[in-house]
Amino acid sequence: MTFQPNPGDGIVINGKSYTVGQHPAAPGVAYAQAGRQGIVYQLIPVDGQLHEAKALKVFFPKFRIPAMVYQSEHMGNYREIPGLQVSSREVLTPERNGDLIAEYPDLLYAVIMPWIHGCTWFDVISDQRNLGRSESLMLAKALAAIGSSMEQRGLAHCDLSAPNVMLPFFSEVKLPEGAAAVELVDVEQMYSPKMDRPDVLLAGSPGYAAHRTVHSGLWSAYADRFAGAIIIAEMLGWSDPAIVNRAWGESYFDQHEMQTPCERYFLLKKSLGQRWDTKISELFGRAWDSQDLSSCPTFGEWLIALSSLSEEEAVIEEAPAINGSEPQAEQSNHSHGEQAEEAKAEMIGSFGLEPASREVNDNVVGRLFHQARDLEKAGNLSGALEIFRSAYHFVKKDSPLEVELAAAIQGLEEQLRPDEDSSNKGIKALLLSRKFIFSAAVAIMILAGSAITVNQILAEKAESRQLDAQRLAEEQAQEARRIEEAQRKQQEEAARKEAEAKKAEEERLKAEAAKKAEEAEQTRKEQEKAELQAKYEKQAKYEAYLASLEEKKKKQALQEKYDNQAKYEAYLVQQEEKKKRAAQEAEAARVAAAKAEAERKAKEKAKAAEQARAAKIQQQRSQNVIELVALYNKAYNSQVAGNKDRAVNAAREFLALYNKDQAYYKTVGKMSSRRNNLQHFLSDNNHWIPKL
């Protein structure tokens with residue numbers, strides 16, 4: 001007999017009586033949470049408090065391993081470590097629980113442990129919930145303290161990710177005094193030098209696994225360092241609304257972005273440095289650029305850096321910008337050096353950019369520079385321009401590379417922006433050309449050979465970097481010649497394709513115009529309210545489509561547009577109702593006094609009918625909410641059980657019922673998140689439906 005309990009069912013384990021808890025968001029459904037290795041049910045003690053609830057983890061057949069008994073006995077030694085409350089475990093074995101396992105074979109080697117109240121870090125990210133500065137710092141310090149305590153004992157969780165980080169700090173259940181603010185769950189993969197290697201290893205969770213790590217599985221004392229650095233950075237960054245709004249979705253980073261010079265990495269690192277401390281951003285950068293897990297910062301380093309932070313908001317000082325009117329060049333005894341600095345600052349300022357003030361990061365600049373060149377070769381000038389701009393902020397102030405990058409940015413901007421006035425050509429175009437700027441910069445630095453800036457550059461550049469720069473310049477020159485030769489052919493081909501595309505576009509526009517004319521004639525005959533409703537639904541679908549394609553980048557903007565559209569529609573409905581009421585009042589004024597009483601009674605009757613209808617609609621909506629939750633859980637449980645067809649059918653039934661009254665269901669709990677998850681699952685059957 002399979003173990004599929006209902007809320008309120010009783011069960012006796014090791015002489016203690018429990019009842020199965022009811023899911024708070026789905027009445028009539030057992031409180032259960034599914035993971036990669038099994039399903040966890042909430043058990044409430046018959047004689048005890050709610051905070052004493054237990055978790056019964058029923059493993060899938062693949063993970064029912066007899067060695068779990070020895071592992072749990074060994075893990076019991078770590079139950080006193082803050083954040084490892086689930087280490088207090090009891091395994092159901094045939095010797096001690098034979099009768100219960102005979103009745104429910106699924107309970108073989110199941111584990112009973114403390115139930116951790118509160119949400120997960122996954123829930124905080126998915127809901128885009130902003131945290132206060134004190135909350136972010138407290139959570140980050142708690143996680144760093146747990147990791148430090150584990151490292152000191154040679155332990156590692158080995159699957160550290162947002163779903164496995166519980167936050168009792170946000171629990172609605174009153175917990176005993178001294179309860180940890182952060183708890184780790186799903187510890188079956190825990191590493192210890194005293195435990196045997198598991199038969200099945202996990203390769204980390206998307207958004208937290210280093211792509212440079214061996215994908216055959218994680219099981220070492222260093223396994224948590226990279227993922228821990230990502231989660232700590234997320235917790236600190238979640239006090240910055242700009243970081244929250246840029247999150248990929250179920251984690252801040254997309255797995256394909258891990259350890260790459262992506263936009264989210266630079267934004268988060270900048271936020272950590274400005275809002276917290278440069279030590280924090282440096283630790284995060286070390287983890288991101290690490291070649292192996294052992295090179296990542298230890299949790300002890302994180303804890304030391306976090307302990308020195310203040311909960312008060314830091315004051316961010318802006319570096320003064322350099323412009324032509326107020327040059328910030330250092331004073332020199334030689335007039336040529338001073339003129340060189342002024343000319344260079346004026347030239348950089350003409351691009352609309354501020355010279356960088358940070359130290360050079362050769363690895364970052366090198367990756368960005370080559371990536372931008374590859375995009376430029378492929379014809380993606382806009383993408384190359386963005387990468388060049390990112391690299392510009394990581395070059396040394398007043399360096400030749402700064403001038404080179406500024407010139408590259410200017411050149412791409414000129415290619416992307418057509419000339420507005422032919423008078424900009426001639427001498428001005430020559431002065432702003434890339435070759436002239438580069439030649440001028442070289443000449444200025446030659447003239448200022450005895451200046452302090454040039455001496456510093458020569459001192460900092462090693463011989464290998466000089467050779468790389470020369471080779472890079474030669475490659476760029478060769479590439480420029482190849483591009484110039486290919487541009488003529490590309491222009492001819494582009495002109496031919498443009499003519500063909502224009503002709504095809506004209507034919508398509510004619511067909512669309514005829515079709516739209518016919519549709520407009522039909523639409524004109526429809527009522528105005530139906531037309532507005534159609535636009536409303538189309539707008540809602542369009543917003544959902546954009547959110548899925550652009551990874552929720554424009555979620556806030558789309559939400560505002562959606563609200564404005566809804567307000568406009570409500571305004572039109574109100575106007576229509578006002579017109580109708582005015583017409584009714586005018587008609588009522590013309591009716592004889594004898595009919596006034598009859599109209600009043602008719603209005604009262606209509607009002608009663610409307611109230612009855614509204615009550616019926618509300619009752620139906622409440623029933624539909626329960627059915628939507630049940631369909632979502634059905635899709636989730638079917639996916640967990642491996643029945644993908646049944647999961648697809650349940651997801652389609654959910655969306656069909658949801659779309660009937662989506663304006664209302666969107667306001668109910670997490671129904672919108674359920675809809676997005678199921679829609680994502682239908683578009684990609686390999687997407688894992690989260691448990692909500």
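Which helix is Y542 found in? Y542 sits in helix 18, which covers residues 528–549. Keep in mind that you're looking at a predicted model.

Now let's zoom out to the protein chain. Here are some percentages to keep handy:

| What we look at | Value |
|---|---|
| Buried residues, out of 692 residues | 40% |
| Accessible surface belonging to carbon and sulfur atoms | 51% |
| Contacts joining residues at least 24 apart, among those between residues at least 6 apart in sequence | 68% |

The accessible surface behind that carbon and sulfur share comes to about 39000 Å². As for secondary structure, the chain has 23 helices and 10 strands.

Let's pick out two of those helices. Helix 4 (residues 133–152) packs against helix 9 (residues 299–307) with the axes 8 Å apart, at an angle of about 145 degrees. What is the handedness of the crossing of helix 4 and helix 9? The crossing is left-handed.

And who does the touching? On the helix 4 side, the residues include L137, A140, L143 and A144. Across from them, helix 9 brings in residues including F299, W302, L303 and L306. The meeting also involves K141 and E151 from helix 4, and S307 from helix 9.

Methods. Residues numbered from 1 in each chain as written. Predicted model: local features only at pLDDT ≥ 70, side-chain atom pairs only at ≥ 80, totals over all residues. Heavy atoms only, no water. Helix = DSSP H or I, 4+ residues; strand = E, 2+ residues; numbered from the N terminus. Buried < 20%, exposed > 50% of the residue type's maximum accessible area, 1.4 Å probe, protein only. Contact = heavy atoms within 4.5 Å. Areas by Shrake-Rupley, 256 points an atom, 1.4 Å probe, with all protein chains shown as cover. Axes fitted to C-alpha atoms, helices over the stretch in contact; angles between N-to-C directions. Left-handed = near helix turned anticlockwise from the far one by under 90°.
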